[in-house]
Amino acid sequence: EYGWKVIDLENLLNERLTEQKTGLFPSLPNNPYRTEISCSNDELMNVLDGAGIESTKVAPLIASALGVKLEKKRPPPPEKNEEEEEGEGKEEEEGNGSEEEAGAGTERAGKDTSRDEKPGEESKEVEPEEDPFSEKFVRDMDLPLEEIAVAKAEDGSIPKIGGFILVGYPNSEEEINHLKDYFIDFDKIIILQDTSEEPGEFLQSIAKKPEDYILDETEIEKYGNVFNTIKETYGEEIVKEVSCVGTPDEVYIRIKTELDPFFARIDDESRVKYASEVQEEEDPVINGEYGIYCPVTVSEDQWLFPGNPEFETMFLGKSYKFSGEKELEQFKFDPLKYVPSSEMKICTQPQLMFLGCSGSGVTTQLNIYTNKYKLQHVELLPNLTNSLEIHKKERKHKRWLLR
């Protein structure tokens, strides 16, 4: 629906390692210019020996799967001590001399240069040094994951990494910081929680073999610590707890409500008043574009079927009634599929009659409705008179032929 890429770290690792294990050994050098980022041959040997891959070294794999441009990690710039900083300050002060002194210095430099040049010799331009981190030098290197970094843009800016869902990672403060080193951050983090009265009650009910489901207290404590770490690091604005109790569609709506600020939702039931609850002195509840009819039945079956007041909901302050519970749940799942009314389908061509005394506006209203809804109309008197006139001419023509 949104076009986001799903990255399941466990599956990603298995895919990349399986490709390496089943390929030639040693495999191609692991670097951003030769293959998809995986492991170096040394790291692969450690995996085969059962050592595994450290969780704080996997960010390059995630960045690679997201299509981020990578390069060999560059060393950090050297730190300047106090003496170097003071020296730079003095150089800046000395460099702010008068324009005359600068001009004189340039003139003298020109003269000195002219004396050094020999007749018939041309000055040679000094070629810039090649970047040792470019493809030319890195292409044949077998780089471990920790020596691969995100490449900055030509203007030195950091790329914006977005449009993804990361599953099951990070699980610790170290892993969070590891992702941030690769400029991978989150707009929202969804934590699915079993909110049953008894811990694990819902999870046990949906297990393939509920009788074999055992609530592991150690695992609950482990994930509790993980959740607390993530909340403390990112804050309540980003981390959202969502109940996993219910059908997949119900959980989907809860998650989408947290993620999408423009997601169309039915009105909060605690704040609305249905037609059956309105008192005589209060304003009546306004029906939606489908009036008393079920919008789901109209849209999907092209049939006008009256809605049942027992299956009613409110959307954007208007009342919608449905033929049954199934249709009500369909509407709740995606209201915009059935609203606005501009997308409504005409069920059947209506058959209408307008009556009224002279001056009541029958002709005016007839013209409005026929133009707006493209209906064919028949005016009785003009059509009857015209029909009689045609019939009279036909009879007259027949008599003339018989003579």
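How many aromatic pairs does the count come to? Let's work through it.

This is a predicted model, where local features need pLDDT of at least 70 and side-chain atom pairs count only at pLDDT 80 or more, while totals for chains, interfaces and linings use all residues. Residues are numbered from 1 along each chain as its sequence is written, and side-chain values use heavy atoms, with hydrogens and water left out.

**Exercise 1.** Find the number of aromatic pairs, then classify Phe 186 with Tyr 234.

- Start with the rule: rings of Phe, Tyr and Trp (its six-membered ring) pair if their centres lie within 6.5 Å; planes under 30 degrees apart are stacked, over 60 edge-to-face, and the rest tilted.
- That rule gives nine aromatic pairs.
- Phe 186 and Tyr 234 sit 5.9 Å apart, centre to centre, with 75° between the planes, an edge-to-face pair.
- Phe 186 is in the loop between helix H7 (173-181) and strand S5 (189-193), and Tyr 234 is in helix H9 (residues 217-234), so the pair ties together parts 48 residues apart in sequence. Helices (H or I, at least four residues) and strands (E, at least two) are DSSP runs, numbered from the N terminus.
- Both residues, Phe 186 and Tyr 234, are buried (under 20% relative accessible area; exposed is over 50%, partly exposed in between; 1.4 Å probe, protein chains only).

**Exercise 2.** Classify the pair of Tyr 252 and Phe 333.

- The ring centres of Tyr 252 and Phe 333 are 5.3 Å apart and the planes are at 35°, so this pair is tilted.
- Tyr 252 has 30% relative accessibility, so Tyr 252 counts as partly exposed.
- Phe 333, at 29%, is partly exposed too.
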